[in-house]
Amino acid sequence: MNRTIKSYTLHNYQTIPQVASLSEELIHDIEVVGRVLPFKTNNYVVDELIDWSNAETDPIFTLNFPRRGMLEKRHFTAIEKLVDENADRETLNKKIQQIRLALNPNPAGQEHNVPYLGEIKLKGIQHKYPETVLFFPSQGQTCHAYCTFCFRWPQFSGMSELKFAMKEVDLLLKYLRIHKEVTDILFTGGDPMVMNASTLEAYIRPLLEPEFSHIHSIRIGTKSLAYWPYRYLTDKDSDDIILLFEEVVTAGKNLSIQAHFNHPRELSTNAVKKAISRIQNTGAQIRTQSPLLRNINDKPEIWTEMWRKQVDLGCIPYYMFIARDTGAKHYFEIPLEKCWSIFRRAYRRVSGLCRTVRGPSMSDHAGKIQVLGVQEVKGEKIFVLRFIQGRNPKWVDIPFFAAYDPKATWFNQLKPAFGEEKFFFEEKPGKLLVTKPFLFE
Ligand SMILES: *Cc1c(COP(=O)(O)O)cnc(C)c1O
Ligand code: SF4
């Protein structure tokens with residue numbers, strides 16, 4: 001394995017030796033779908049993760065490579081026609097842009113979470129739950145490879161007006177100085193671990209100063225352990241990253257790596273095992289999360305294996321998410337009842353050490369809503385739900401009920417149970433009850 005990352009996109013993926021083994025049909029689909037959805041993979045994923053002898057059904061292939069079903073048929077046909085006709089760039093780009101906008105590029109009203117500092121809109125910050133601030137460093141708005149299911153994809157496809165990004169760490173620090181209720185800062189992206197060590201240091205070091213003693217935890221959301229574990233082993237600045245992590249821990253902060261793993265195979269290489277252990281030796285913890293995705297990990301056995309492997313490696317299973325309503329969702333989505341059923345069949349087979357995982361959960365405008373299950377109460381079938389996190393913290397952990405709907409794949413498709421007009425946290429049907437504590441708009 002070559003330890004220098006080599007990226008492949010629509011422009012050069014044909015140079016991947018294994019691609020020669022793909023059927024003409026798969027190549028054609030890449031050529032069409034790859035115009036609309038962002039496509040990037042790398043030599044580690046290609047050489048160590050994908051099973052090329054089963055590319056047709058391989059979950060890791062599907063995780064990185066554009067496939068026919070990821071576009072709706074009418075969108076696929078429209079692009080296919082333009083590609084076949086050799087349409088001029090302008091016509092093609094116009095169509096691509098039009099389709100992208102139809103794919104709900106910015107789901108769950110994330111723009112509502114962007115706070116202000118006086119008159120200044122802090123585009124690189126999201127602050128939805130009182131204790132945790134999300135920070136999107138502008139140099140971290142890409143990833144070592146792109147997940148085909150990703151809801152952050154507008155950030156990669158040049159739709160700059162939708163980017164939540166911010167250069168100045170200054171504004172972040174100013175904001176945190178006046179928000180003493182914040183205990184956690186979560187660096188996210190894209191993937192913050194694509195930044196070089198000195199940029200990351202510039203963001204993190206100031207937070208170790210006494211004036212930020214209210215910040216207890218620094219979290220980094222990253223897919224690097226799955227897509228480029230050599231980030232922690234053999235990159236030019238790998239040792240500096242490790243030293244930075246040690247520095248954070250020595251300063252008395254909790255450092256939590258929120259690692260994205262979608263499939264147990266991502267936990268199986270020597271490189272990932274070494275990288276995990278090297279991070280843990282700094283005193284940092286690794287928590288894991290993934291969405292539940294049709295065509296990738298929609299079997300309870302996969303989750304059982306994944307959680308067990310994570311615990312074997314000293315990681316803490318943290319979240320199972322329900323796929324967001326954006327991009328190629330129709331290809332990955334699973335009805336809520338089935339999500340719960342997969343979760344529970346996996347959960348009941350593992351020991352309590354794996355049961356730190358919470359889910360299946362939807363990150364909706366109102367909060368993180370967990371599907372606790374399906375029940376029947378006096379002859380009416382219902383979903384039992386609860387907020388793991390709420391836009392209003394008072395909503396957290398109160399069970400509530402929605403009418404059973406076997407097809408529903410997201411919260412916005414659910415209606416209150418028992419003929420009620422609205423959910424307990426709504427003022428009018430579909431409208432959030434906005435009592436104080438926490439609105440920036
Ligand atoms: C999930 C999430 C968090 C963190 O929630 P925890 O339960 O503390 O992990 C913070 N902000 C937003 C917007 C989130 O979606
Ligand atoms: S690593 Fe995360 S942000 Fe990057 S493409 Fe995958 S899901 Fe999206």
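**Close-ups of a predicted model**

View 1. G190 sits in the loop between β7 (184-187) and α7 (197-204). Helices here are DSSP runs of H or I with at least four residues, strands are runs of E with at least two, and both are numbered from the N terminus. This is a predicted model, so to speak: local features need pLDDT of at least 70, side-chain atom pairs count only at pLDDT 80 or more, and totals for chains, interfaces and linings use all residues. Residues are numbered from 1 along each chain as its sequence is written, chains are lettered from A and ligands numbered from 1 in written order, and side-chain values use heavy atoms, leaving out hydrogens and water. The peptide bond running from G189 to G190 is cis, with omega near 15 degrees. G190 is also among the closest of the eight residues surrounding ligand 2, together with C143, C147, C150 and K223; to belong to such a shell, a residue needs a heavy atom within 4 Å. Sorted by class, that shell holds six nonpolar, one polar and one charged residues. Ala, Val, Leu, Ile, Met, Phe, Trp, Tyr, Cys and Pro count as nonpolar, Asp, Glu, Lys and Arg as charged, and the others, Gly among them, as polar.

**View 2. The surroundings of ligand 1.** Around ligand 1 you'll find K128, Y129, T132, L134, R219, Y318, Y319, R358, K368 and Q389. By class, they make four nonpolar, two polar and four charged residues. The side chain of R219 has an N or O atom 2.7 Å from a ligand 1 oxygen, and a polar side-chain atom of Y318 also lies 2.7 Å from an oxygen of ligand 1. For Q389, the distance from a side-chain N or O atom to a ligand 1 oxygen is 3.2 Å. On its own, ligand 1 exposes 380 Å², and the protein buries 87% of that; accessible areas come from the Shrake-Rupley method with a 1.4 Å probe, and for residues only the protein chains shown count as cover. Strands β5 (125-129), β6 (132-135) and β11 (316-322) each give two or more residues to this shell.

View 3. H127 belongs to strand β5. Its relative accessibility is 1%, so H127 counts as buried (buried is under 20% relative accessible area, exposed over 50%, partly exposed in between, with a 1.4 Å probe and protein chains only).

**View 4. I279 and its neighbours.** I279 is part of helix α10 (residues 270-280), and with 0% relative accessibility it counts as buried. Leaving aside residues up to four places away in sequence, I279 touches L225, Y232, F245, I257, A284 and I286, where contact means heavy atoms within 4.5 Å. I279 and Y232 are 47 residues apart in sequence, yet their C-alpha atoms are 7.6 Å apart in space.

View 5. Most residues other than glycine have a negative phi, and most peptide bonds are trans. N295, in the loop between β10 (285-292) and α11 (300-312), has a positive phi of about 75 degrees. A cis peptide bond joins G359 and P360, with omega about -10 degrees.

Technical notes
A polar contact is a pair of N or O atoms within 3.5 Å; within protein, one must be able to donate a hydrogen and the other to accept it, and residues adjacent in sequence count only if both atoms are side-chain atoms.
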